[in-house]
Amino acid sequence: MPHPRGEWRARVTTTYWTELTELFEYKVADALAGRVPRGGRRSLGLLREELLQAPLEPTLLRRLIEADRQYRAVQKADRAPEPVRAGFGGPSTWEAPASTETDESRAWEELQLLAWHHQAARQVREQALRWQREPTLARLRVLFAVTENAERAGTSSGPAVPVPAAHDPLMDLHDPEVVQNLAGALSNLLLTDTGRQRVRTALSQVAAEPFPRHPDEDVLAARLEAAEREPLAAGARESLIRALKAEYPMPRDPRERPAIRAAARSVTEFLEPLMAAAPLPTLGVVPHGSVLYARHPATAMRGPDEGADVLVVHLRGGQAARWRGLDLLWQPIGKNWQMQVGGQVALLRPSRDAPDGPQSITLPDTQLRAFVSGDYLMLRLESQAALELGKRASLGRAVSLLLDPGGEFVFLRLARAAAQLLRGAALDLPSLQGASARKYHDATPDALMAFARKGVESLMVRLARTDPVQAAQTFHAAAEALGVHPLLGRRLHEALHVALRSPETLPEPQAGETFELPDTGGFLSVQLGDAPLTLQAGTRSVTLRMDYKSELAVVIPGHAPMILQDLLVVRVPDLNVILVRHGTWLAAAAGHDEALDVIGPDLQVRAEPSLLH
């Protein structure tokens, strides 16, 4: 006798496959009628595969086969190519897709162009003043002819002018103001693509024909030759030749042409790379993660990049930001913007309307250039890159010292003790003992890095206001209070003093994609490019590449990816990797501090080291 539970399961199974077969028939009927089946065509295909493998009863199987035949007919009709139409099918109805250009992309393109043009104009002005010191002013005369002819090409105001002679009385190229005006006129031409094309054309024309031959040059030459053959006395012949030369103006010396062509080649070698560096049209594309407070999430920046020299802000998207240690506040005033930076207030106008170009905001330690396009602002930090990066490298060494886990983060605990003493507070010894380092071991690398950097920067501020002798005594007292050797306190004080007073001197950056970091602990300088950069630090490989948000990601095997803005210290076993960046200039060092190598487990010194780095 069958078991009741077995009969129930059989009835449930039969009902299940019956419902699925009916569902398949309904979906096929929708497809036959030209409708999209409920759940989509993909769900129809998945259901078909499921039923073809199912243990169906004969009745359900026949229904499935019939529905499947109809399904395959629909699939075949969908895949059938359209018949070729004979003859001309009439005019095309295709229309170009709508442009994806937005206010943001237009502003981005204009800001890039304005920033490039500001740099190009400065280079043209400086180069023109250098050329003014030449004895013959050959390149400056070529620059004058090129600028004049490029301007005339835009207004159709007469024939091209030749390169003026070396001592042309109408030229006053020895006057610095004249040279400044000439450089400004050329810079105005470089602002547009049409102007740059006219400059290229004028350069080609000058190189081909520096100055035309005089129309009466052949007539004068023939008459002078005839005068030489006249049977006259020497004095009479010389008088005749002088009279002929007075009648016809003297042509320019043809030997001047090679010198002018050489000068034209030199001017081209200067201007062509400058014009080639002009930003190309963006075609409505703005890089990912490049605009602070952007309207679109894809282009929005998560936060200001502390390692970049440029910051682009959608001004209507926010009211304040902090970048490179500067507090920025702004508000609209009509079509202009009022911005407060470091206690200074500036009225920012659209850069194309400003007669003097981009506005400058001068601060005690640096200078900002502000470019405005509509509701978008580009701030460019103008500072000495080598000095900025050297300070950051010294700061990185001090931060790496605090991140050393040796002695239960003894340097980090020493820094906290010294900070309390420098504030004039009493030491909180229980919170500074080795047991307190547990929270440092448990902290994430990003949180620990931020904590150590904040501690170093706070100590540097206090040390700047403290007498060096008194500061040394404070670090000695902190080491004594924690029961560690004074050498450790002295080492921490030295690192902070160097970061404050003696920035690291870095070598010039190199171009490339693969480098090995010096085993001496010194810094290597690299010029960042579009390709990923690989640094070999001992047995560790460090890769730096731009991620989808246009941020510089640092990838080390065994570690989670990290973002490098201006400073990053990565601790790996027996090694620390220091990475600092200023724009596209990257400096990297790998090694470990020798101070703890001479310290025993009880944090007492084994032997006085000869040199501590």
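1. Contacts along the chain. Of the contacts in the protein chain with a separation of 6 or more, 58% join residues 24 or more positions apart. Contact here means heavy atoms within 4.5 Å. This is a predicted model: local features need pLDDT of at least 70, side-chain atom pairs count only at pLDDT 80 or more, and totals for chains, interfaces and linings use all residues. Residues are numbered from 1 along each chain as its sequence is written, and side-chain values use heavy atoms, with hydrogens and water left out.

2. Overall make-up. The protein chain has 16 helices and 17 strands. Both are DSSP runs numbered from the N terminus: helices are H or I with at least four residues, strands are E with at least two. Of the 613 residues, 42% are buried. Buried means under 20% relative accessible area, exposed means over 50%, and partly exposed lies in between (1.4 Å probe, protein chains only). The accessible surface comes to about 34000 Å², and carbon and sulfur atoms hold 55% of it. These areas come from the Shrake-Rupley method with a 1.4 Å probe; for residues, only the protein chains shown count as cover.

3. Helix α6. This helix covers residues 176-190, which is 15 residues. Its first and last C-alpha atoms are 21 Å apart, close to the 21 Å expected at 1.5 Å a residue. The expected span is 1.5 Å times one less than the number of residues. Its buried residues include Val179, Leu182, Leu186 and Leu190. What do the buried residues of α6 pack against? They pack against α4 (103-131), α5 (138-155), α7 (193-208) and α10 (256-276). Aspartate 175 caps the N-terminal end of α6. One of its side-chain oxygens lies 3.0 Å from the backbone nitrogen of glutamate 177.

4. Aspartate 68. This residue is found in helix α3 (residues 58-79). Is aspartate 68 buried or exposed? Aspartate 68 counts as buried because its relative accessibility is 8%. Leaving aside neighbours within four places in sequence, aspartate 68 is in contact with Phe24 and Arg48.

5. Two positive phi values. Most residues other than glycine have a negative phi. Leucine 137 is not a glycine, yet its phi is positive, at about 55 degrees. Leucine 137 sits in the loop between α4 and α5. It is buried, with a relative accessible area of 4%. Glutamate 408 also has a positive phi, near 55 degrees. It lies in helix α12 (residues 406-422). Glutamate 408 is partly exposed, at 38% relative accessibility.

6. Glutamine 340. This residue lies in strand β4 (residues 336-341). With a relative accessible area of 35%, glutamine 340 is partly exposed. Its C-alpha is 5.1 Å from that of leucine 329, which is 11 residues away along the chain. Beyond neighbours within four places in sequence, glutamine 340 is in contact with Asp327, Leu328, Leu329 and Val345.

7. Strand β6. Which residues form the covered face of β6 (residues 359-362)? Gln359 and Ile361 do, while Ser360 and Thr362 form the uncovered face. In a regular strand, side chains alternate between the two faces of the sheet. β6 pairs with β7 (residues 367-373) in the antiparallel sense over four bridges. Two strands pair if DSSP finds at least two bridges between them. Glutamine 359 stands opposite alanine 370 in β7.

8. The five-strand sheet. This open sheet has the order β9-β11-β12-β13-β14, with mixed pairing. Its edge strands are β9 (514-516) and β14 (562-564), each pairing on one side only. Neighbouring strands are turned by 25 degrees against each other on average, direction ignored. Axes are lines fitted to C-alpha atoms, for helices over the stretch in contact, and angles run from 0 to 180 degrees between N-to-C directions. β9 and β11 (residues 533-537) pair in the parallel sense over three bridges. Phenylalanine 515 has leucine 535 in β11 as its bridge partner.

9. The four-strand sheet. Here the order is β10-β17-β16-β15, in an open sheet with antiparallel pairing. β10 (524-527) and β15 (567-572) stand at the edges with a single partner strand each, so one side of each has no neighbour in the sheet. The twist averages 20 degrees from one strand to the next. Six bridges join β15 to β16 (residues 575-582), and the two run antiparallel. Arginine 571 stands opposite asparagine 576 in β16. Helix α11 (residues 385-402) lies across β15, β16 and β17 (585-591). It runs at about 155 degrees to β16.

Methods: A polar contact is a pair of N or O atoms within 3.5 Å; within protein, one must be able to donate a hydrogen and the other to accept it, and residues adjacent in sequence count only if both atoms are side-chain atoms.
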